[in-house]
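Here's a quick tour of a protein chain, from overall make-up down to single side chains. Have the viewer open as you read.

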Amino acid sequence: MSQFLLMNDNRVPSGDMTNNLWIKDDCVVAVVIVTTDSDLFIGLVFSQVPVLRPMDLMVEATPRRVFSNAHTYHINSISVNSDYETFMSTDDLRINLWNLEITNRSFNIVDIKPVNMEELTEVITAAEFHPHQCNTFVYSSSKGSIRLCDMRASALCDNHSKFFEEPEDPSNRSFFSEIISSISDVKFSHSGRYLMTRDYLTVKVWDLNMESKPLETYQVHDYLRSKLCSLYENDCIFDKFECTLPGILTRTSSLWQPPITFTYSRIRSTSTTAPPPHVPEKREREEQNAAA
């Protein structure tokens with residue numbers, strides 16, 4: 001038996017933003033089928049004999065708790081704390097902290113909503129707790145920046161502890177610069193020393209001790225730079241991608257391709273899709289046989 005958190009689908013109305021704590025259980029299901037046996041009669045009434053037919057193993061998920069009425073906008077990420085007592089849910093403008101045992105009340109720890117919505121310049125795109133320090137978390141924004149916050153500093157984390165952002169080269173700035181620099185996912189490494197972020201064209205690895213620039217940058221969709229105009233017209237430029245850190249590998253989703261895997265140890269990137277094996281031509285095979 002296992003438990004997991006699910007956030008609601010983005011297609012529901014904005015007033016129904018909820019988090020559901022589900023419980024998953026493996027159970028064996030048997031179907032009882034009632035049949036009639038023409039050979040069995042009691043007077044004028046024939047008996048019905050049940051037949052038990054075993055079925056395949058089925059996995060069933062049922063909601064255990066529903067955390068609702070805390071978000072006005074669509075929830076984009078959920079992260080469970082390392083204390084296993086709290087978790088946070090994130091929408092475009094706010095981050096709320098929940099207790100797993102209390103479903104009707106949460107605490108707002110980040111709020112970037114301006115008094116005048118016309119002054120809004122960025123939105124929150126993702127957030128995650130530190131894997132070992134229950135008081136530390138990060139959140140990313142649509143401007144390509146990452147903020148590290150400490151909940152011990154204040155109840156409302158308006159002031160970040162660290163700010164990670166790569167300076168943009170003015171010569172490379174274009175109409176699409178802000179769109180493709182928006183971070184769609186952020187993850188801590190297992191040690192908590194590094195951060196991994198995913199934007200439209202790159203995966204970046206950050207050292208928590210170096211805020212000025214990423215430690216490593218991997219190009220994922222570099223071949224799409226010349227096609228950004230077409231991607232903008234069909235809305236593909238607004239697609240969001242996730243990333244994971246299994247061990248020493250970095251894995252991320254890709255546009256029209258299988259997931260791509262990198263090793264973040266300052267060596268060249270490798271793809272999960274292996275190149276086709278080389279099939280020697282007839283002349284090469286004859287030369288190999290002659291040499292043997």
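## The chain overall

Among contacts between residues at least 6 apart in sequence, 47% join residues at least 24 apart, where contact means heavy atoms within 4.5 Å. The chain holds three helices and 18 strands; these are DSSP runs numbered from the N terminus, with helices (H or I) at least four residues and strands (E) at least two. Of its 292 residues, 35% count as buried, meaning under 20% relative accessible area, with exposed over 50% and partly exposed in between (1.4 Å probe, protein chains only).

A word on ground rules: this is a predicted model, so local features need pLDDT of at least 70 and side-chain atom pairs count only at pLDDT 80 or more, while totals for chains, interfaces and linings use all residues. Residues are numbered from 1 along each chain as its sequence is written, and side-chain values use heavy atoms, with hydrogens and water left out.

## Nonpolar cores

A nonpolar core here is a set of buried Ala, Val, Leu, Ile, Met, Phe, Trp, Tyr and Cys residues joined through side-chain atoms within 4.5 Å. The largest one has 12 residues, including Met 88, Leu 97, Ile 109, Phe 129 and Tyr 139. Strands E6 (94-99), E7 (106-111), E8 (124-129) and E9 (136-141) each give two or more residues to this core, and E8 gives the most, with three.

Click on Ile 109 and you'll find it touching Met 88, Ile 95, Leu 97, Phe 137, Met 151, Ala 155, Leu 156 and Cys 157, if you skip residues up to four places away in sequence. There's also a second, separate core of 11 residues, and Val 138, Phe 164, Val 186 and Trp 206 are among them.

## A buried Asp

Asp 91 sits in the loop between strand E5 (86-90) and E6. It is buried yet has no salt bridge, and the nearest side chain of opposite charge, Arg 94, is 5.4 Å away. For charges, Lys and Arg count as positive and Asp and Glu as negative; His and the chain ends are not counted. A salt bridge needs a side-chain nitrogen of Lys or Arg within 4 Å of a carboxyl oxygen of Asp or Glu.

What does join the side chains of Asp 91 and His 71 is a polar contact of 2.8 Å. That term covers a pair of N or O atoms within 3.5 Å; within protein, one must be able to donate a hydrogen and the other to accept it, and residues adjacent in sequence count only if both atoms are side-chain atoms.

## Salt bridges

The count comes to nine salt bridges. In one of them, Glu 101 meets Arg 65 at 3.0 Å, N to O. Glu 101 is in the loop between E6 and E7 and Arg 65 in strand E3 (residues 45-71), 36 residues apart. At 58% relative accessibility Glu 101 counts as exposed, whereas Arg 65, at 16%, counts as buried.

Glu 166, Asp 199 and Lys 204 are linked in a network of salt bridges. Lys 204 meets Glu 166 at 2.7 Å, N to O, and Asp 199 at 3.9 Å, N to O. Both Lys 204 and Asp 199 are buried, while Glu 166, at 34% relative accessibility, counts as partly exposed.
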